[in-house]
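Reader: Take me through the packing in this model, one feature at a time.

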Amino acid sequence: MRFVWPRITVSGLLIAMLAGGAAAAALASGAAEAAPWNLQPAASKIAADIHGLHEYVMLLVTVIFVGVFAFMFWAIYAHRKSTGHKAAHFHENTTIEVIWTVIPLVILVVIAWPVTKTVIAQKNTANPDITVKVTGYQWKWGYDYVKGEGEGISFVSTLSTPRDQIEGRAPKGEHYLLEVDNEMVVPIGKKVRVLTTAADVIHSWWVPVFGAKQDAIPGFIRDLWFKAEKTGTFRSQCVELCGKDHGFMPIVVRVVSADDYTRWVAEQKKISAAIADDPNKSYALDELKARGEKVYAANCVACHQSTGKGVPPAFPALDGSKIVNGPKSVQMALVLNGKPGTAMAAFGTQLNDLELAAVVTFTRNAWGNRAGEAIQPSEVKALRK
Amino acid sequence: MSAVLDDHGHAHDHHGGYGGIMRWITTTNHKDIGTLYLWFSFVMFMVGGVMALVIRAELFEPGLQFVNPDFFNQMTTMHGLIMVFGAIMPAFVGFANWQIPMMIGAPDMAFARLNNWSFWILPFAASLLVLSFFMPGGAPGVGWTMYAPLTVQMGMGMDLTIFAVHLLGMSSIMGSINILTTILNMRAPGMTLMRMPMFVWTWLITAYLLVATMPVLAGAVTMTLADRHFGTSFFNAAGGGDPVLYQHIFWFFGHPEVYIIALPAFGVVSQVIPAFSRKPLFGYASMVSATTGIAILSFIVWAHHMYTVGMPVTGQLFFMYATALIAVPTGVKVFNWVATMWKGSLSFETPMLFAIGFLFLFTMGGFSGLVLSLAAVDIQLHDTYYVVAHFHYVMVAGALFAAFAGVYFWLPKWIGRMYDETLGQWHFWLTMIFFNVTFFVQHFAGLAGMPRRIPDYPLMFETWNKISSIGAFGFGLSQLLFLYIVLKAIRSGERAPQRPWEGADSIDWTMLPTPAPYHTFETPPLIK
């Protein structure tokens, strides 16, 4: 028996395409909701402008595309050898060549004019009502409200989707990978200037509904602005490859009314006053271990793992580590200042003295490590200069 | 025709005395080296393809199923590097080796031994890339663009990759010098520049681009190496450097690189479309100037890859205008190809199908490129799947389709046998359909906000990713059919007639026997 390939016919091809289309449609209808296929609905004027531009350009290029390929498909249909068409022998026509050089130029100018206005508007970050510094860390975002209402508020925003959902041991929630412990909150109708920077590698901060995206570059401060025109919670993700957990550092912005914002600011101030950690107090070993475990879970677990075994060689084990079981000042200095050239960040800028003391105490007394000694915040404070 | 007759008498005297594997290692014959380049690129195409399938398998549904995020990043990085430097570029150098001497009436490449070396560097470079997976920490997971300062965090695999890029660059530069010298000095009497086949023209311009930009890439990765090991701070702000400087240097190479890949593809298509339209190429002179125009513009548009790094408004606008301008010469080329088909006498053998597929899909990639060139709109699309879809329309539907067209078109000339036309058409339609299933939906995922280079994604992107993954596996499997078709043609294909394509009229078809003997044009032909 020899397999004979069927000859391809136009009708066979149509059937194949229909079958493929039907399969795709079946798959699409199988999904819980209709899959989003266009830019997210705008929540700022700039985003609305971008959507308008995109539609305008798509319309233009679709018309051009259909026009050009109408000629090609007509030639395919009418100028076939199989129907006995004889080839003409022209191969130049200066007039038409000048026309199809000049017309695209004119179309480009027509496109460029409105786009230029939007580019200029996007870049105008002057006179903001509120300024927030956003810092990219591997793999979370830090928010510092540096000017305007809410000045002084500062928090770190980390993915709150449980590991079990990511690894398929639990059903995935509605906001899978798009949920954080601390959301950025801004008031509606106020110009918010975001300063971006990063502590380790390049990240990129993006909120699609505001039409605002800016790379966060270590050692430099860049900026963007937005003015929200809708209240609600808007979600996005880091958009510059930043290492292992690039896919797991979402951005969530909650836009609220002016009154709600004022209330949120007051609440934040109260919370930060209440939990203000006293670096001069002395804590018991168990107290520190318990606090340290939480700090570890929020900051260290992605690399060093909950087992303390790490992922060698990129992310070394802490369990049985020479450094963790060695002199405490060496370990504290490493956590404070980080290790250049690796993903080990300088946590001195991210955590306070109590948190640092707690997490170091925890690692020295967890798994197989048995230091049996508490490290007090005052010791960390002394190491900072 | 005297050159042809001479060949028959002496052909077997010049095999160099080696048989078996040593023939291939020591060969200085442009046809042997062309064959080596083409097989090498096919192997790399398979290796890079398997990596693409690992990526698509992981992305079939949300959650982490098959690979961890670190390995996923290694896959995206190596898929990109291997496809660009290992598959597409060597494939077109293979075409250049086979075709340029036969198309301009030269007996071989200008520097035959250099040619051997240019090729034999490649397997070592590829081995370094693959070996990086077995280093502590694995291959680099930094993306094919290798942005600083993430590169500083990588293990030894990064160093192997840097050395591999050095070797690949050396190979490309030597190959280009060879091509430039051959084209400028070894044309047969009467073969003036403006009589050269379009494929030769596009390679002449591509070779200039390579010589100008590959050293820039070598500089960028060398600075990365120095930042990693020698305490320099080119890309480290703490030491007075700037991470964005890396991007400027990389894309000064990277954007011309796009045309290094695209121009030879334009060249192949410019041979195939007239041949199957039985009509000369429309606007030959304007094709040459459009190609030159694209090449020159490609040097002043690099920062359109960097609209989100925070350039001043004048920077955004300059790079936007310059980039949009490329649409003009590219448009001229598309119009010329359509005008070549217009009122021709068309037939649709496999090379023509791939050329038409190229024309149709590459133009779509060009239009999504125009959308991306608009800085304001790019803010929404940068680093999303829209960009992934865009450059696969240009690289796969552009360069790869043209490479398939070239193989089917020239295979009879090279081996003297025909491929199976029915299977060839099957290969085209499967490739065409699965390509679009894979990549068209990625435009939607990108518009809706899916970032690129992520191993896991929010639930709203599931549908598009499922369709894309199904398409990718169909696309990958279809390429095994291509291998089968080529092997079948070599083993048992029908004998090719002297001129299998009646419309093909360059001198490789009109003045040389089919298959082309081992040595051709030992005495230069006279082109009238």
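**Helix packing and contacts**

Author: Helix 4 of chain B and helix 14 of chain B are roughly parallel to each other. Angles under 35 degrees count as roughly parallel, over 145 as roughly antiparallel, 65 to 115 as roughly perpendicular and the rest as oblique. Helices (H or I, at least four residues) and strands (E, at least two) are DSSP runs, numbered from the N terminus. This is a predicted model: local features need pLDDT of at least 70, side-chain atom pairs count only at pLDDT 80 or more, and totals for chains, interfaces and linings use all residues. Residues are numbered from 1 along each chain as its sequence is written, while chains are lettered from A and ligands numbered from 1 in the order in which they are written.

Reader: At what angle do helix 4 of chain B and helix 14 of chain B pack, and how far apart are their axes?

Author: Two packed helices are described by the angle between their axes and the distance between the axes. Axes are lines fitted to C-alpha atoms, for helices over the stretch in contact, and angles run from 0 to 180 degrees between N-to-C directions. Here the angle is about 30° and the axes of helix 4 of chain B and helix 14 of chain B are 11 Å apart. Their crossing is left-handed. A crossing is left-handed if the near helix is turned anticlockwise from the far one by less than a right angle, and right-handed if clockwise.

Reader: Which residues make the contact?

Author: Two residues are in contact if their C-beta atoms, placed from the backbone, lie within 7 Å. Helix 4 of chain B gives residues including Phe92(B), Phe95(B) and Trp98(B). Among those from helix 14 of chain B are Ala403(B), Gly406(B) and Trp410(B). The contact has 11 nonpolar, two polar and no charged residues. Ala, Val, Leu, Ile, Met, Phe, Trp, Tyr, Cys and Pro count as nonpolar, Asp, Glu, Lys and Arg as charged, and the others, Gly among them, as polar.

Reader: Where else does helix 4 of chain B contribute?

Author: Look at the domains, whose bounds come from an automatic or database domain assignment. In chain B these are domain 1 (1-192 + 506-528), domain 2 (198-344) and domain 3 (348-450 + 481-492). The C-alpha centres of domain 1 and domain 3 of chain B lie 20 Å apart. Each of these two domains puts 11 residues into the contact. Helix 4 of chain B supplies six residues of the domain 1 side, the largest share. That side has eight nonpolar, two polar and one charged residue.

Reader: How many residues of chain A and of chain B are in contact?

Author: 89 residues of chain A meet 91 residues of chain B. On the chain A side, helix 3 of chain A gives the largest share, 14 residues. The side of chain A that touches chain B holds 49 nonpolar, 25 polar and 15 charged residues.

Reader: Are helix 2 of chain A and helix 12 of chain B roughly parallel or roughly antiparallel, and what is their crossing angle?

Author: The axes of helix 2 of chain A and helix 12 of chain B come within 10 Å and cross at roughly 160°. That makes the two helices roughly antiparallel. Their crossing is right-handed. The residues in contact include Phe65(A) and Phe69(A) of helix 2 of chain A and Phe360(B) and Phe367(B) of helix 12 of chain B. By class, the contact has eight nonpolar, two polar and no charged residues.
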